[in-house]
Amino acid sequence: MGNSFKSAQFLLDSRIEDALRGRPEALFDLGVCYQTGTAGAGVDLIEAHKWFNLAAVSGIAEAADARADVAEDMTAREIAEAQRQARAWLSMTQRRAA
């Protein structure tokens, strides 16, 4: 069980590192992980919406549809939180790039 958790955490960490490097497909993959609870991520619709939103802004066409699907199961407050977190991510990554 420990190795499985370590492998799952490594996958999440590597996708986050790829996202930090500006790879849009990593943003989408993170959305899928949090939407479905795969790769060691617990199901977290706020996180899923955030990552799908970032992927959509980065040009991944199917991310907008995935974001809309997730939003159907969220409250307005949860969507607002996901959007706040997406803006914070963009702000942080833009500062890192500067």
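The model is predicted: local features need a pLDDT of at least 70, side-chain atom pairs count only at pLDDT 80 or more, and totals for chains, interfaces and linings use all residues. Residues are numbered from 1 along each chain as its sequence is written, and side-chain values use heavy atoms, with hydrogens and water left out.

## How the helices pack

Let us begin with the helices, which are DSSP runs of H or I with at least four residues, numbered from the N terminus. Two packed helices are described by the angle between their axes and the distance between the axes. Here the axes are lines fitted to C-alpha atoms over the stretch in contact, and the angles run from 0 to 180 degrees between N-to-C directions.

Helix 2 (residues 24-36) packs against helix 3 at an angle of about 160°, and their axes are 7 Å apart. Helix 2 is therefore roughly antiparallel to helix 3, a term used for angles over 145 degrees. The crossing of helix 2 and helix 3 is left-handed, meaning that the near helix is turned anticlockwise from the far one by less than a right angle.

Which residues of helix 2 and helix 3 meet? From helix 2 come Pro24, Leu27, Phe28, Leu30, Gly31, Val32, Tyr34 and Gln35, and from helix 3 come Glu47, Ala48, Trp51, Phe52, Leu54 and Ala55. By class, the contact of helix 2 with helix 3 has 11 nonpolar, 2 polar and 1 charged residues. In this scheme Ala, Val, Leu, Ile, Met, Phe, Trp, Tyr, Cys and Pro count as nonpolar, Asp, Glu, Lys and Arg as charged, and the others, Gly among them, as polar.

Helix 3 also packs with helix 4 (residues 61-71): their axes come within 8 Å and cross at roughly 155°. Helix 3 and helix 4 are therefore roughly antiparallel to each other, and helix 3 passes helix 4 in a left-handed crossing. On the helix 3 side, the contact is made by Leu45, Ala48, His49, Phe52, Asn53, Ala55 and Ala56, while helix 4 brings Ala63, Ala64, Ala66, Arg67, Val70 and Ala71. The residues of this contact of helix 3 with helix 4 divide into 10 nonpolar, 2 polar and 1 charged.

## Buried residues

Now for single residues. Is Glu47 buried or exposed? Glu47, in helix 3 (residues 45-57), has 14% relative accessibility and so counts as buried, the word for under 20% relative accessible area with a 1.4 Å probe and protein chains only. Leaving aside neighbours within four places in sequence, Glu47 is in contact (heavy atoms within 4.5 Å) with Tyr34 and Gln85.

Arg15 sits in helix 1 (residues 2-20) and is buried, with a relative accessible area of 14%. Not counting residues up to four places away in sequence, Arg15 touches Glu25, Ala26, Asp29 and Leu30. Asp18 is found in helix 1 too and is buried at 13%.

Beyond four places in sequence, Met74 touches Leu45, Ile46, His49, Ile79 and Ala82.

## Around the end of helix 2

Thr36 is found in helix 2 and counts as partly exposed at 42% relative accessibility, a class that lies between the buried limit and the exposed one, which is over 50%. Gly37, in the loop between helix 2 and helix 3, also counts as partly exposed, at 29% relative accessibility. Leaving aside neighbours within four places, Gly37 is in contact with Val32, Gly42 and Val43.

## Polar contacts

A polar contact is a pair of N or O atoms within 3.5 Å; within protein, one must be able to donate a hydrogen and the other to accept it, and residues adjacent in sequence count only if both atoms are side-chain atoms.

| Side chain | Partner | Distance |
|---|---|---|
| Glu47 | Trp51 side chain | 3.0 Å |
| Arg15 | Asp29 side chain | 2.7 Å |
| Thr36 | Thr38 side chain | 3.0 Å |

Methods: Helices (H or I, at least four residues) and strands (E, at least two) are DSSP runs, numbered from the N terminus. Angles under 35 degrees count as roughly parallel, over 145 as roughly antiparallel, 65 to 115 as roughly perpendicular and the rest as oblique.
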